[in-house]
Amino acid sequence: MGKLTIGCFSSLIGSMNLDFAIKLCALALEKGHKVDLWVSGNATMLSIKGQKPFKDYSHLEKPLKELMAKGLNVAVCEACAEARGYHKDNTLEGFKRHSMDWYLASTFDADRVLHIGGE
Amino acid sequence: MKLAVFVSDFRITVNTLDRLKAQELGIIFVGNGIYHAALKEDGNPSPLLQKSAKFYVLSEDLETRGLSSSGIANNIKVITYSDLVDLIFNEYEKTAWL
């Protein structure tokens, strides 16, 4: 089994790239791989707790929590989050907050890296 | 190097892909990129399909957009997320997202 690192910079609302990343995480974990997920830029909105589910809007809190319980290692760019007013006390439980070096370190010991750019 | 390129946008042109060099190239249509696999413009398939590559399209993204695998050309393999994980780990060494 290998390690997959996914970096995603796309917003939760606007494209479906974060949905794609979460589904890919789910199947990779299911197949026994280790998965790190890094969210940066506008993707940091994934880390905010208390988002309400609306019809036809992406709402990934529930699947994300389930994946974290299965071993998904997920971190948010702290600077990107702070720049958008997403503070530590408003972060989903289990989300790590780090600088970009966390992502770089993760990619260096990963077997495969998928970097999904932003808008 | 075996390179898998994820095409997630319908606007991607051949010029973009021409800048990527690989011994073996796989093109995986996801998101709005699936329209390259599913639609024709003026009766012509997407120019991306002229590339020397293996082609894949994600079935869930076809279905999300109301399309089915029945109209997909034979040289494009319809895959699931599970297949995608296997492609990433077993068939290609590097990935790129467009």
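Biologist: How many bridges join β5(B) to β6(B), and how do the two strands run?
Modeller: There are 4 bridges between β5(B) and β6(B), and the two run parallel. Strands here are DSSP runs of E with at least two residues, helices are DSSP runs of H or I with at least four, and both are numbered from the N terminus. Two strands pair if DSSP finds at least two bridges between them.

Biologist: Before we go on, what should I know about the model?
Modeller: It is a predicted model, so local features need pLDDT of at least 70 and side-chain atom pairs count only at pLDDT 80 or more, while totals for chains, interfaces and linings use all residues. Residues are numbered from 1 along each chain as its sequence is written, and chains are lettered from A and ligands numbered from 1 in the order in which they are written.

Biologist: How many of the residues of β5(B) are buried?
Modeller: 4 of the 5 are buried, so β5(B) is largely enclosed by the rest of the structure. A residue is called buried if 20 or more other C-beta atoms lie within 10 Å of its own, exposed if 12 or fewer do, and partly exposed in between, with the C-beta atoms placed from the backbone.

Biologist: In what order do the strands of this sheet in chain B come?
Modeller: The order is β6-β5-β2-β1-β7, which makes an open sheet of 5 strands with parallel pairing. β6(B) and β7(B) stand at the edges with a single partner strand each, so one side of each is left without a neighbour in the sheet. At the β7(B) end, β1(B) and β7(B) pair over 4 bridges, and Leu3(B) has Lys94(B) as its bridge partner.

Biologist: Which helix packs on that sheet?
Modeller: α4(B) does, touching β1, β2, β5, β6 and β7 of chain B, and its direction makes about 150° with that of β1(B). Such angles run from 0 to 180 degrees between N-to-C directions, and the axes are lines fitted to C-alpha atoms, for helices over the stretch in contact.

Biologist: Which residues of α4(B) are buried?
Modeller: Leu84(B), Val85(B) and Ile88(B) are buried. They cover an arc of only 100° around the axis, which puts them on the same side of α4(B); the arc is that of the directions from the helix axis to the C-beta atoms.

Biologist: New topic: how many residues of chain B are in contact with chain A?
Modeller: 11 residues of chain B are in contact with 17 residues of chain A, where contact means that the C-beta atoms of two residues, placed from the backbone, lie within 7 Å. α4(B) gives the most to that side of chain B, with 6 residues.

Biologist: Which residues does Tyr81(B) contact, if we leave aside its neighbours within four places in sequence?
Modeller: They are Lys23(A), Leu24(A), Leu27(A) and Glu60(B). Tyr81(B) is found in helix α4 of chain B, and it is partly exposed, with 19 other C-beta atoms within 10 Å.

Biologist: How many residues are in the largest nonpolar core?
Modeller: It has 57 residues, and those with the most contacts inside it include Ile6(A), Leu37(A), Ile28(B) and Phe29(B). A nonpolar core is a set of buried Ala, Val, Leu, Ile, Met, Phe, Trp, Tyr and Cys residues joined through C-beta atoms within 7 Å. Helix α1 of chain A gives the most to this core, with 8 residues.

Biologist: Last one: where does Asp42(B) lie?
Modeller: Asp42(B) lies in the loop between β3 and β4 of chain B, and it has a positive phi of about 50° although it is not a glycine. Asp42(B) is exposed, with 4 other C-beta atoms within 10 Å. In chain A, Asp56(A) is also a residue other than glycine with a positive phi, near 70°, and its place is in the loop between β2 and α2 of that chain.
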